[in-house]
Amino acid sequence: MKPLMSKSRESERGSVLIYIFIAIAVLAALSFAVSRSGRESAQTINNERSGLWATELFDYSNMLRRAVTTLTITGLTENDVCFHDSGWGDNSYQFSTACPTANLVFSQLGGGATFQNPNYNLLDSSFSTETAYKKWHITGANSVEGVGTDCSPTGPCNELLAVLPFVRREACIAVNAKLGITDDQTEPPQDDAGFDLSTPFKGSYPDGESINTATLDGKRIGCFKGNGGVVDDAYVFYSVLIAR
């Protein structure tokens, strides 16, 4: 007959099992905590990066606005401001008669701004085949509802805008969050019509399109999701340089 295990040995075996279960629970809790911490750290890094991208967009567009203001307060009209520069790689912004140096935004003898290409890291590479990709656009062919004078047809009331299409979604969200337009959990508003990037500014404000979404009414800086045209389903940053 098999001898009975003593109560002492049974108690010790039970205690060992309890310790094992406790150790498993502690390890599981630690694993969850480490995993959660890792996710939160990654999210924090992503948020900080997006915030830096938004700041880059603000800084450059603000520099352009200051340059335009410098030119207009010295006597130039809103039609005389010239964005021609060799940095574009072509003459897209050159007037039919070459712009005087004093009219140039990108000249120390004019507006004093420095030409910069956008930071490619803040752009959505899925749109890299678009001709408008990797470029700032200065246009007088669009208006912003609630900014300047709203009228129809849109031409007489179009704003002078600095536009960067194809920004990353997270950069777009960060722009609107930093401006208090939405919070950092809200999707960018979608425009209800096309947006015209086909007309580089050369002193005129042709009939074009309007940024028409209630969330951005009256907002001189913001970011939206395009609807139609070259920016369809793309995120677009804009900044008003002259409200008209």
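This is a predicted model: local features need pLDDT of at least 70, side-chain atom pairs count only at pLDDT 80 or more; totals for chains, interfaces and linings use all residues.
View 1. Strand β4 covers residues 221-225, while strand β5 covers residues 235-242. β4 is an edge strand of the sheet and pairs on one side only. β5, for its part, is mostly covered, with 8 of its 8 residues buried.

**View 2. The five-stranded sheet as a whole.** The sheet is open and consists of 5 strands in the order β3-β1-β2-β5-β4, with mixed pairing. Its edge strands are β3, which spans residues 209-211, and β4, each of them pairing on one side only. When direction is ignored, neighbouring strands of this sheet are turned by 50 degrees against each other on average. In a regular strand the side chains alternate between the two faces of the sheet.

**View 3. Strand β1 and its two neighbours.** Strand β1 spans residues 137-144, and because 8 of its 8 residues are buried, β1 is largely enclosed by the rest of the structure. Towards β3 the pairing is parallel and consists of 3 bridges, with E209 in β3 as the bridge partner of N142.

**View 4. The disulfide between C82 and C99.** The structure holds 2 disulfides, and one of them is formed by C82 and C99, whose sulfur atoms lie 2.1 Å apart. The link is right-handed, with 75 degrees about the S-S bond. Both C82 and C99 sit in the loop between α1, residues 7-73, and β1, residues 137-144, and they are 17 residues apart. C82 has a relative accessibility of 0% and therefore counts as buried, the cut-off being under 20%. C99, with a relative accessible area of 11%, is buried as well.

**View 5. The disulfide between C172 and C223.** The sulfur atoms of C172 and C223 are 2.0 Å apart and form a disulfide, and with -120 degrees about the S-S bond this link is left-handed. Because C172 lies in helix α2, residues 169-178, and C223 in strand β4, residues 221-225, the pair ties together parts of the chain that are 51 residues apart in sequence. C172 and C223 are both buried.

**View 6. The second largest pocket.** The space in the second largest pocket amounts to about 290 Å³. Of the 21 residues that line this pocket, those closest to its centre are W88, Y93, K135, W136 and H137. Taken by class, the lining comprises 10 nonpolar, 8 polar and 3 charged residues.

View 7. S107 lies in the loop between α1 and β1 and is buried, with a relative accessible area of 11%. The C-alpha atoms of S107 and A67 are 9.3 Å apart in space, although the two residues are 40 residues apart in sequence. D183 is found in the loop between α2 and β3. Is D183 buried or partly exposed? At 42% relative accessibility, D183 counts as partly exposed, and its C-alpha atom is separated by 7.9 Å from that of I173, which is 10 residues away along the chain.

How values were computed: Residues are numbered from 1 along each chain as its sequence is written. Side-chain values use heavy atoms; hydrogens and water are left out. On a 1 Å grid over the protein atoms alone, a cavity is a set of points where a 1.4 Å probe fits but cannot get out, and a pocket is an open set with protein on both sides within 12 Å along at least five of seven lines; lining residues have an atom within 4 Å of a point. Grid points are joined across faces, edges and corners, and a volume is the space filled by probe spheres set on the points. Ala, Val, Leu, Ile, Met, Phe, Trp, Tyr, Cys and Pro count as nonpolar, Asp, Glu, Lys and Arg as charged, and the others, Gly among them, as polar. A disulfide is a pair of cysteine sulfur atoms within 2.5 Å. Helices (H or I, at least four residues) and strands (E, at least two) are DSSP runs, numbered from the N terminus. Buried means under 20% relative accessible area, exposed over 50%, partly exposed in between (1.4 Å probe, protein chains only). Two strands pair if DSSP finds at least two bridges between them. Axes are lines fitted to C-alpha atoms, for helices over the stretch in contact, and angles run from 0 to 180 degrees between N-to-C directions.
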